[in-house]
Amino acid sequence: MVYLDNAATSFPKPEEVYVEMDAFMRKVCANPGRSSHEMARASAAVVMRAREGIAKLFNIENPLHVGFTCNATMALNMAIHGVLKKGDHVITTAMDHNSVLRPLYELKKKGIIDYTVIMPKNQFGAIELSSFTKAVRTNTKLIATTLSSNVTGMVLPYKEIGEIAKKRGILYLLDCSQGAGVLPIDVNNMNISMLAFPGHKALMGPQGTGGLYVNEAVALRSIIQGGTGSRSFETVQPDFMPDIIESGTLNTPGLAGLNAGVEFILKTGTDAIYKKKKSLLERLYEGLAVNKRIKLYSTIEGYMNSGIIALLIDGLDSSEAANILDSKYNIAVRPGFHCAPLAHKALGTCKTGLVRLSLGCFNTPDEIQYTIKSINEIAAHK
Ligand SMILES: Cc1ncc(COP(=O)(O)O)c(C=O)c1O
């Protein structure tokens, strides 16, 4: 199968990920941070290595400020519900995912917060930087945005957004679900207060992994309370990272895999990964853009793209096109709405959805050529 659904979860993983998870399950497999026996110590060391790997990748000074969760959604909920209070205002964008939007809807419904949603300026989902400055109010507490759109791949001006947040004394939560492991992320230079990441996308770990970085200046409240192996006689959740967000047993085999994935990225370099993806993306774009029966909602021209081409084939609903790609051509893509309803509203694709082709680190030029040929063939017969 040609796997082009990497924006959902990456596949395949580097070989080391499978090897490390297997070895962990067979030889370590104990609960970290609870007991002091040899296996528990080995398990804690794996978790610490995973924190250190993430810290290195995102230039986080203290690895203990990285907490692990089961996915990016949980991390985003912990950040959003953990910092916002009655009367706060939040800025987000229409290109954001429901894992940012739904917690905001919920808080607004309860009368706790208000928010402003910035609309894109074109059909590719580009966001104007000046919209952020204009949206700031005296009570703006948080800017919560995606690093890049999971529908079109459009990269937001995330460094510049961080500068605005810093200048105005606003917390900046970056959802790096699309782009972590591919684009440069530096929490210090980019003034990122909180960084939510999934482990199972371009960080190359397995499903069931993710996490949240929280910097020293953020006063986070816990949204889940429970056992942490620390301060057990206290009735309140520890107020320090990572324990404040890590109640209960961690997904240690998953973290062993995530650590191997992150080590692979550190060894390869995000620059090299981005370059490789970009060259495949350019090929794909050029092979499809010439066909008048294919409408592209992603661009590589003048903007950065995290590795996605979204499209519609004339006369075909996105689900029909994805079914043909799967059943006739053995190509895996994602149709529909990608949990990003406002993006589809803004792009005018609420009826049809979009066919999303998302590239991974291990796709090949031959696979891209085959995909171009297949999509052009479908378009010709419609
Ligand atoms: C931009 C964006 N944010 C958040 C998420 C949620 O990630 P997870 O499934 O790890 O919770 C996704 C998943 O596709 C995403 O694309």
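1. Basis. The model is predicted: local features need pLDDT of at least 70, side-chain atom pairs count only at pLDDT 80 or more, and totals for chains, interfaces and linings use all residues. Residues are numbered from 1 along each chain as its sequence is written.

2. Domains. The domain assignment gives domain 1 (2-10 + 269-380) and domain 2 (15-268). Such bounds come from an automatic or database domain assignment. Taken over C-alpha atoms, the centres of domain 1 and domain 2 are 27 Å apart.

3. Where the domains touch. Contact links 30 residues of domain 1 with 33 residues of domain 2. Two residues are in contact if their C-beta atoms, placed from the backbone, lie within 7 Å. On the side of domain 1 that touches domain 2, the elements giving two or more residues are helix H8 (270-289), S10 and helix H10 (341-347). Helices (H or I, at least four residues) and strands (E, at least two) are DSSP runs, numbered from the N terminus. The residues of this side of domain 1 divide into 16 nonpolar, 12 polar and 2 charged. Here Ala, Val, Leu, Ile, Met, Phe, Trp, Tyr, Cys and Pro count as nonpolar, Asp, Glu, Lys and Arg as charged, and the others, Gly among them, as polar.

4. Core. The largest nonpolar core has 118 residues. Such a core is a set of buried Ala, Val, Leu, Ile, Met, Phe, Trp, Tyr and Cys residues joined through C-beta atoms within 7 Å. A residue is buried if 20 or more other C-beta atoms lie within 10 Å of its own, exposed if 12 or fewer, and partly exposed in between; C-beta atoms are placed from the backbone. The residues with the most contacts inside this core are Ala79, Met194, Leu195, Ala196 and Leu311. Helix H3 (residues 72-83) gives the largest share, 8 residues. Domain 1 and domain 2 both give residues to the core, so it lies between them.

5. Met194. Residues up to four places away in sequence are not counted here. Met194 then touches Ala79, Leu171, Leu173, Leu212, Tyr213, Val214 and Val218.

6. Ligand. The ligand is surrounded by 13 residues. The closest are Asn71, Thr73, Asn150, Ser177 and Pro198. A residue is near a molecule or strand if its C-beta atom, placed from the backbone, lies within 6 Å of it. The shell around the ligand holds 3 nonpolar, 9 polar and 1 charged residues.

7. Helix H9. In helix H9 (residues 318-327), the buried residues are Ser318, Ala321, Ala322 and Leu325. Seen down the axis of H9, they fall within an arc of 100°, so they line one face of the helix. The arc is that of the directions from the helix axis to the C-beta atoms. These buried residues pack against strand S10 (308-313), strand S11 (331-332), strand S12 (355-358) and helix H11 (365-380).

8. Cis peptide bonds. Pro12 lies in the loop between strand S1 (2-3) and helix H1 (15-28). A cis peptide bond also joins Met241 and Pro242, with omega about 0°. Pro242 sits in the loop between strand S8 (210-214) and helix H7 (252-268).

9. Positive phi. His338 is not a glycine, yet has a positive phi of about 55°. Cys339, not a glycine either, has a positive phi of about 55°. His338 is in the loop between S11 and H10, and Cys339 is in the loop between S11 and H10. His338 counts as buried, because it has 24 C-beta neighbours inside 10 Å. Cys339 is partly exposed, with 16 other C-beta atoms within 10 Å.

10. Leu84. This residue lies in the loop between H3 and strand S3 (88-93). Leu84 counts as buried, with 22 C-beta neighbours inside 10 Å. Leaving aside neighbours within four places in sequence, Leu84 is in contact with Val90, Leu107, Ile112, Ile113, Lys141 and Leu142. Leu84 and Arg221 are 137 residues apart in sequence and 9.2 Å apart in space, C-alpha to C-alpha.

11. Ile91. This residue is in strand S3. Ile91 counts as buried, with 26 C-beta neighbours inside 10 Å. Not counting residues up to four places away in sequence, Ile91 touches Thr116, Ile118, Phe132, Ala135, Thr140 and Ile143.
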